[in-house]
Amino acid sequence: MAWKTLLDDARWNHRDNPDRADELVGRAIRRAEAETEAAERVRAFESIADYLDGRERWTEASMLYGRLIDLLRENHVSPDELAARLARHAEIASSAGDLESAAKLLEEALSLWRESSRSTLERGAAWYEQLAEARSAAARHIAASAARSRAAELCIEASGEYYQPRVMRHARSDGTVEYAVHDVYFSLYGDVKGYTQHARSPRMPSVAALQQWLEETLPVAATGVVCGDLGYMHYAPDLAQWLRHVQEEPLDYERDPEDEV
């Protein structure tokens, strides 16, 4: 493992001499390329890429990690292992500013994750959140919103619950009633476990008026629309999801069901 000796020399003995460290790393890469065992080449490329990542040499680290991914494909590693390495490559590519490549790597990792029977919900949620960050940084706000929503769904599902955007009925002190969309959390048995304190949509005097607002606003929501009690930006995927549930029976907004005796 001559590559490791060279890498350790660069890491530990030449921290204050980057030119010498670069020379040693270049030699380490060439030694790694000469390794006959594919598994050893993978280990070498990953170790060197991680070292370069730590030195904020992200473009070089990303190129080396790409070669590592190619080796893994050639050796037909398990989908779970390939997905994990793709997600790691996406982190490095994102640091290098290559947001489009990062997003494509994450989408492939998530495709493998969806097909795997061994992958965890937490892993999928983390990768969707990572994808949302890459899309948001690239000003792809609609795609970012969709990825972030999916991450939230998986986090909730992993906790033994799920959520839906549902219309809630607000009884005001003056006797009038308002309807608005909230995120409502259910147990896997369908019992309401809680809901967001603040409405995500505008409050309307009827479900029909709320549905009309959603239908009229959806076509212009591609660049985002500010709405709800807190004035957050929402995008077309959010409104489309709300529309899918707007005709379900409204729930009464009271206090958090968890607080009920």
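1. A quick word on terms before the pockets: on a 1 Å grid over the protein atoms alone, a pocket is an open set of points where a 1.4 Å probe fits, with protein on both sides within 12 Å along at least five of seven lines, and lining residues have an atom within 4 Å of a point. Bear in mind that this is a predicted model, where local features need pLDDT of at least 70 and side-chain atom pairs count only at pLDDT 80 or more, while totals for chains, interfaces and linings use all residues. Residues are numbered from 1 along each chain as its sequence is written, and side-chain values use heavy atoms, with hydrogens and water left out.

2. The largest pocket holds about 290 Å³ of space (a volume is the space filled by probe spheres set on the grid points, which are joined across faces, edges and corners). Its lining counts 17 residues, and those nearest the centre are Ser-145, Arg-148, Ser-149, Arg-200 and Asp-238. Two or more lining residues come from each of helix H8 (141-158), strand E2 (177-187) and strand E5 (232-234); helices (H or I, at least four residues) and strands (E, at least two) are DSSP runs, numbered from the N terminus. H8 gives the largest share, seven residues.

3. By type, that lining splits into eight nonpolar, five polar and four charged residues. Here Ala, Val, Leu, Ile, Met, Phe, Trp, Tyr, Cys and Pro count as nonpolar, Asp, Glu, Lys and Arg as charged, and the others, Gly among them, as polar.

4. The second largest pocket comes to about 170 Å³. Its lining includes Asp-22, Arg-57, Glu-60 and Arg-67, and the elements giving it two or more residues are H2 and helix H4 (58-74). Five of its lining residues are nonpolar, one is polar and four are charged.

5. Finally, Arg-73 sits in helix H4 and is partly exposed, at 36% relative accessible area. Beyond its neighbours within four places in sequence, Arg-73 is in contact (heavy atoms within 4.5 Å) with Leu-82, Leu-86 and Glu-108.

How values were computed: Buried < 20%, exposed > 50% of the residue type's maximum accessible area, 1.4 Å probe, protein only.
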